[in-house]
Amino acid sequence: MARVLVVEDDAQLARALRINLEVRSYEVAAARDGDGALRLFAAGEPDAVLLDLGLPDTDGVELIKAIRSRSRAPILVLSARHLSGEKVRALDAGADDYVTKPFSMDELLARLRAATRRRRATAEAEALTVVTTDHFTIDLPAKKLLREGHPVRLTPTEWHLLEILAASPGRRVSQRALLLEVWGPAYAENTNYLRVYMAQLRRKLEADPSRPRYLITEPGLGYRFEP
């Protein structure tokens, strides 16, 4: 269940937001001012924040900055301020979206779903940037491979193959897809290339290359990386 922090001093609107969120299975925490919002935030980081700029105790833009300094949760501004300068200030401070009042509840909820989807996708991509196994670590952005703490040198072709497989752990990548991606259309049928380079990778990564634990062959179909 996703948790949403609602920061809104208008009691009627805050109640409407809570009802509409809870009926859609969101967990809701609500604050009417900046101090209350930060206390709730410290008690448990939400998955998203709905925030009014016109708060009684603080400038909403400063609250955005305070939240953004400690979290990457999506922040959606709800405000009656229509001037483009206000929108720019909020977005530059770290807000992900800006919805002007009055607004359609359906549109707001659609924007919330889109923002949380983007955050999940970013988190998943970040989680795949470093792949760790019991015997080696692959740092994809840095193009570095460590086996039991020691750097392992790969050729550009070996690295390209490993990168493709490690980016989709547990999923089979077909022989043709690998050949097209690494060598190009002219080599789409040269499966012997794959056999040679996969054997080289196994010698560098596997404890027993003849019985691979990580670089798995699916005969006639393709290869799979199992972390």
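Strand 4 is mostly covered, with 5 of its 5 residues buried. The structure described here is a predicted model. UniProt, in an unreviewed entry, places the feature "domain: Response regulatory" at residues 3-116. That span is 46% helix and 21% strand, and its end C-alpha atoms lie 11 Å apart.

**Strand 4 and its pairing**

- From strand 4, Ile75, Val77 and Ser79 point one way, while Leu76 and Leu78 point the other way. Residues on both sides of the strand are buried.
- Strand 4 pairs with strand 3 (residues 48-52) in the parallel sense, over 4 bridges.
- Within strand 4, Leu76 stands opposite Leu50.

**Ser79**

- Ser79 belongs to strand 4, which covers residues 75-79.
- The relative accessible area of Ser79 is 1%. Ser79 is therefore classed as buried, the cut-off for that class being under 20%.
- Apart from its neighbours within four places in sequence, Ser79 is in contact with Asp52, Leu53, Tyr98, Val99, Thr100 and Lys101.

**Gly222**

- Gly222 is found in strand 12, which spans residues 222-225.
- With a relative accessible area of 0%, Gly222 is buried.
- When residues up to four places away in sequence are not counted, Gly222 touches Arg172, Val173, Ser174, Gln175, Ile216 and Thr217.
- Pro156 is 66 residues from Gly222 in sequence, and the two C-alpha atoms are 20 Å apart in space.

**Largest pocket**

- The largest pocket holds about 160 Å³ of space.
- Its lining is formed by Ala2, Glu45, Pro46, Asp47, Ser71, Arg72, Ala73, Thr116, Arg119 and Arg120.
- By residue class, the lining of the largest pocket divides into 3 nonpolar, 2 polar and 5 charged residues.

**Backbone geometry**

- Most residues other than glycine have a negative phi, and most peptide bonds are trans. The following items concern backbone values to check against that background.
- The peptide bond from Lys101 to Pro102 is cis, with omega near -5 degrees. Pro102 lies in the loop between strand 5 (97-100) and helix 5 (105-127). Lys101 is also one of the residues in contact with Ser79.
- Ser25 is not a glycine, yet it has a positive phi of about 70 degrees. The loop that holds Ser25 runs between helix 1 (11-22) and strand 2 (27-31). Ser25 is partly exposed, its relative accessible area being 48%.
- Glu148 likewise has a positive phi, of about 50 degrees, although it is not a glycine. Glu148 is found in the loop between strand 8 (144-147) and strand 9 (150-151). Its relative accessible area is 57%. Glu148 therefore counts as exposed, since the cut-off for that class is over 50%.

Note on methods: Residues numbered from 1 in each chain as written. Predicted model: local features only at pLDDT ≥ 70, side-chain atom pairs only at ≥ 80, totals over all residues. Heavy atoms only, no water. UniProt positions renumbered as here; feature names shortened; annotations may be inferred. Helix = DSSP H or I, 4+ residues; strand = E, 2+ residues; numbered from the N terminus. 1 Å grid on protein atoms, 1.4 Å probe; cavity = no way out; pocket = protein on both sides within 12 Å on 5 of 7 lines; lining within 4 Å. Points joined across faces, edges and corners; volume = space filled by probe spheres on them. Nonpolar A, V, L, I, M, F, W, Y, C, P; charged D, E, K, R; others polar. Buried < 20%, exposed > 50% of the residue type's maximum accessible area, 1.4 Å probe, protein only. Contact = heavy atoms within 4.5 Å. Pairing = 2+ DSSP bridges.
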